Amino acid sequence: MTRILIIFLLLFGSSLYAQEKTRFSLEEAISYALDNNKTAINARRDIAIAIKQKWETTASGLPQINGVIDYQNQIKQPVSFIPSEFFGGDPGTFTPVAFGTSQNASATATLTQLIFDGSYLVGLQAAKAFLDFSENANEKTQLEIRKGVINAYGSVLITQENLAILDSNIETVKKNLDETRIIYENGLAEEEDVEQLQITYSQLLNQKTNAKRLEGIAIQMLNLAIGVDITSETQLTDTLTSLAKPGLGLFQENPEIEKNVDYKIAFNLTEQRSLELKLERSKALPSLRGFINVGTSTGRNEFNFFDSDERYFASSIFGLTLDVPLFSSGARSARTQKAKIALEQAESDFDYTQEQIRLAYEQAKSEHQLAIDNLEVFKSNLKLAERIEQKNQIKYKEGIATSFELRQAQTQLYSAQNAVLQAMLDMINSKAELETVLNTPNYRGKE
């Protein structure tokens, strides 16, 4: 029994550990984030709320049935004063008389139906417009989440690539340092040569320690973006090279800004303001409602309402209610003018938003082109820096170059390596920004 329990615990524990470790390609990470990111979940809830609100508005114009059950127990019955001469008494005097029964009960059901109301028809259109707005807001949320995941995914790859480069650089410098220390101990090198390399070596170790911390933070940020526990050991299956490709297909002469989600949201706002104006105007129209009332009532001096021998008295009423707005002392006109001004503001904002989108596209396009150009230049510079560093390595070993010159070449190489990594990250992020502006999340870049 003990052995079975131990095996069970080992299997269960390993399964939990396996659940904590996750592997994602970029597309898998995006897909997972759209399902599990907290912001994405709440955006879908906003759509659900809008759907319910639309039905709530629709239902307000459909038949409504309400029931009322009323019970009264007159502990002390009110009296009325009747002239006493009705009962043979003296003229001018009154006799107190209690009318009715001490206990009364009634049950009533009322069906009401809206026949015509201009504001109801506008309300239906407004509910549909609000649903459209919620769906567009959800689309914007998804695009922002996608861009955030791409940025976080790229940042993790950059930190991991930087760690790999640092390891290679540390290995090279450590080898140089060990060789130089031996030469110095044999009296064939100066102490400064060892110190120069020691400085470089210490700086690289410190950079690696910091890079390791940054890697942990970058993974946690990615975990937060995709909606997994931030302590999960997330592993990435895509490579930096596969993501850092230019999106040449995103360069367009006349971008379709109508696909931009901010365009859609601004258009929704003008539509809503237009409906608000229409609503205020509709309030000047009459509204008509109909109702049917069916009920029964009875009165007793004792509480025996469930006695089948006692009678109940039925009643029924049918009616119409016509509500005609006549005079509001200018309040209705003021509300209409206010709604008209709000519509004009929304139309101006809509025009401004279109210009902003065009500018945002040109900026994103320029930044992506700059990232493409920078990456080509920095890769070329990196090859030159590598050759220069290798030449200085040979010269140093042959005693032609000093340790200071070698350190300068190495520092130049490290700067070139960092520049390439930053250019690759800029390439990834600027392409994601272009895709977001154009609302082309399924685009695959061209090399």
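Predicted model: local features only at pLDDT ≥ 70, side-chain atom pairs only at ≥ 80, totals over all residues.
Although Ser329 is not a glycine, its phi is positive, at about 55 degrees. With a relative accessibility of 62%, Ser329 counts as exposed, because exposed means over 50%.

A second residue with a positive phi is Asn439, which is likewise a residue other than glycine and has a phi near 55 degrees. Asn439 belongs to the segment after helix α9 (403-438). Is Asn439 buried or exposed? Its relative accessible area is 13%, and because buried means under 20%, Asn439 is buried.

**The chain as a whole**

The secondary structure of the chain comes to nine helices and eight strands. The radius of gyration of the chain is 40 Å, well over the 22 Å that the globule rule gives for 447 residues, so the chain is more spread out than a compact globule. Taken along the principal axes, the box that the C-alpha atoms fill is roughly 150 × 75 × 40 Å.

Of the 447 residues in the chain, 34% are buried. The chain exposes about 27400 Å², and carbon and sulfur atoms supply 56% of that area. How much of the contacts with a separation of 6 or more comes from residues 24 or more positions apart? Such residues account for 81% of these contacts in the chain.

Helix α2 (residues 26-36) and helix α3 (residues 38-59) have axes that come within 5 Å of each other and cross at roughly 50 degrees.

**Two buried helix residues**

Helix α3 also holds Ala43, which counts as buried because its relative accessibility is 7%, under the limit of 20%. Leaving aside residues up to four places away in sequence, Ala43 touches Asn138 and Thr141. The C-alpha atoms of Ala43 and Glu139 are separated by 8.7 Å, while these two residues stand 96 residues apart along the chain.

Val156 has its place in helix α4 (residues 118-185), and with a relative accessible area of 1% Val156 is buried. Which residues does Val156 touch, not counting residues up to four places away in sequence? They are Ala218, Ile219, Leu222 and Leu236. Gln235 is 79 residues from Val156 along the chain, and the C-alpha atoms of this pair are separated by 9.6 Å.

The table sets out the two pairs by their separation along the chain and by the separation of their C-alpha atoms.

| Pair | Separation along the chain | C-alpha separation |
|---|---|---|
| Ala43 and Glu139 | 96 residues | 8.7 Å |
| Val156 and Gln235 | 79 residues | 9.6 Å |

Taken together, Ala43 in helix α3 and Val156 in helix α4 are buried residues, with 7% relative accessibility for Ala43 and a relative accessible area of 1% for Val156. Asn439 is buried as well, at 13%, whereas Ser329, at 62%, counts as exposed.

Technical notes. Residues numbered from 1 in each chain as written. Heavy atoms only, no water. Axes fitted to C-alpha atoms, helices over the stretch in contact; angles between N-to-C directions. Helix = DSSP H or I, 4+ residues; strand = E, 2+ residues; numbered from the N terminus. Rg over C-alpha atoms; globule rule 2.2 N^0.38 Å. Buried < 20%, exposed > 50% of the residue type's maximum accessible area, 1.4 Å probe, protein only. Contact = heavy atoms within 4.5 Å. Areas by Shrake-Rupley, 256 points an atom, 1.4 Å probe, with all protein chains shown as cover.
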